[in-house]
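Biologist: Can you walk me through this one? Please keep it simple.

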Amino acid sequence: MAGANSVRLAVLPGDGIGTEVTEATLAVLEPLAQRHGLGITVETLPAGAFHYRETGEAFPESSFRAARAADAILLGAMGWPGIRYADGTEIAPQLDLRFRLGLYAGVRPVRAIPGVPVALADPRARDIDLVLIRESTEGLFHSRGKGLVTEELAEETLRITRATTEKLARFAFRLAERRAAQRGRPGRVTLVDKANVFRAFAFMRGVFDGVAKAFPDIASGHHYVDAMALDLIRRPWDFDVLPTENMFGDILSDLGAGLVGGMGFSPSADIGDAHAVFQPAHGTAPDIAGKGIANPTATLLSAAMMLDWLAARGAGQAYADAATELEAAVDAAFGEGLRTADIGGRDGTAAVARAVADRIGG
Ligand code: ATP
């Protein structure tokens, strides 16, 4: 940390609605920081598809170094149809960050926000409050860009390591402890795997069970990924913390977003031992970019996760209080009638920022 109560924040707005939701979030962070006495210094860094088109570089090394040196990284969204690397692949500096900074824990909360329509008719759907933890450095994505392709076959290899699984499991149990304390109820961690078919997942389960022994106060269990897809529709309110392999987490987190209002309401954090990137789960949404109607809620909630993470890393209780207040302000704004375009309303990006900022300190 830069000093007591003061942190350096690297902001990578990126492309499309990434820049709009980032601007809205910074507009809310300012009064929040003032109210809680947080010393946040913001450094905005260039990266993304448009930067690539202008300069030939998607993620300048100077931006990477500045982001790595910061206490936390807030990212909008990156990528654009029609702007690609010479080999045809997508521009995704956010993936580079995950691998280069070792951000193994992809934290994807799935929580029903008061007033925001949920997909399921069952009244218990309003109680949905779970967190998927997508392992983000190995699993099936380990072979990203390295798969074997011949005329006759294509082959990609899944990798599960003991070291990363142990870290992922410890992260999951610690998060469950924190959530149990905050919510005043027991915590539960359920590993999502496919241990009935693949040896890699039986291995993952064994490592997970070993870590679980060190957390006797948190219940632990396992669920096969196919059964979890079913149960996330049938009874999502029964789950708490769900660590899983990279590809499974990629798929299940979009399913989770669909349960609670869509991508505009789905925050995420990619956390490692020393660094973390906070960003909405959605992309750059070219269809609505520049229209002022993007929903910034996912980014606001990601910023709340960031403040909480900074508090846990020693930035001070004021950061935890600010995180709680930001989340409560989002809940209050939607609970009292705020409606964005993605849920059939008329409130634009700036209106959300104003509504949330107005509820800070109230
Ligand atoms: P990526 O492949 O990087 O995830 P994408 O453009 O294919 O990006 P998203 O941007 O995640 O997909 O979202 C798909 C669609 O959902 C968008 O085109 C947009 O219509 C809608 N959407 C996503 N995020 C938001 C948001 N914050 N507010 C409003 N609508 C959104």
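Predicted model: local features only at pLDDT ≥ 70, side-chain atom pairs only at ≥ 80, totals over all residues.

Biologist: How far is the polar backbone atom of Gly283 from an oxygen atom of the ligand?

Modeller: That distance is 2.6 Å.

Biologist: And which atom of Asp287 lies 2.6 Å from a ligand oxygen?

Modeller: A polar side-chain atom of Asp287 does.

Biologist: How much of the ligand does the protein bury?

Modeller: The protein buries 60% of the 600 Å² that the ligand exposes when taken alone.

Biologist: Which residues surround the ligand?

Modeller: Among them are Ile17, Gly264, His282, Thr284, Pro286 and Asp342. By class, the shell has five nonpolar, five polar and two charged residues.

Biologist: New topic. In what order do the strands of the open sheet come?

Modeller: The order is β2-β1-β3-β12-β11-β4-β5-β10-β8-β9. That makes 10 strands, with mixed pairing.

Biologist: Why is one side of β2 and of β9 left without a neighbour?

Modeller: β2 (39–44) and β9 (219–224) stand at the edges of the sheet. From one strand to the next, the twist averages 25 degrees.

Biologist: How do β3 and β12 run, parallel or antiparallel?

Modeller: They run parallel, and two bridges join them. Ile73 has Val277 in β12 as its bridge partner.

Biologist: What about helices? Which strands does α3 lie across?

Modeller: Helix α3 (residues 61–69) lies across β1, β2 and β3. Its direction is at about 145 degrees to β1. Helix α8 (residues 246–259) also packs on the sheet, where it touches β4, β5, β8 and β10. The direction of α8 makes about 150 degrees with that of β5.

Technical notes
Residues numbered from 1 in each chain as written. Heavy atoms only, no water. Pairing = 2+ DSSP bridges. Helix = DSSP H or I, 4+ residues; strand = E, 2+ residues; numbered from the N terminus. Axes fitted to C-alpha atoms, helices over the stretch in contact; angles between N-to-C directions. Contact = heavy atoms within 4.5 Å. Near = heavy atom within 4 Å. Polar contact = N/O pair within 3.5 Å; in protein donor to acceptor, adjacent residues only side chain to side chain. Areas by Shrake-Rupley, 256 points an atom, 1.4 Å probe, with all protein chains shown as cover. Nonpolar A, V, L, I, M, F, W, Y, C, P; charged D, E, K, R; others polar.
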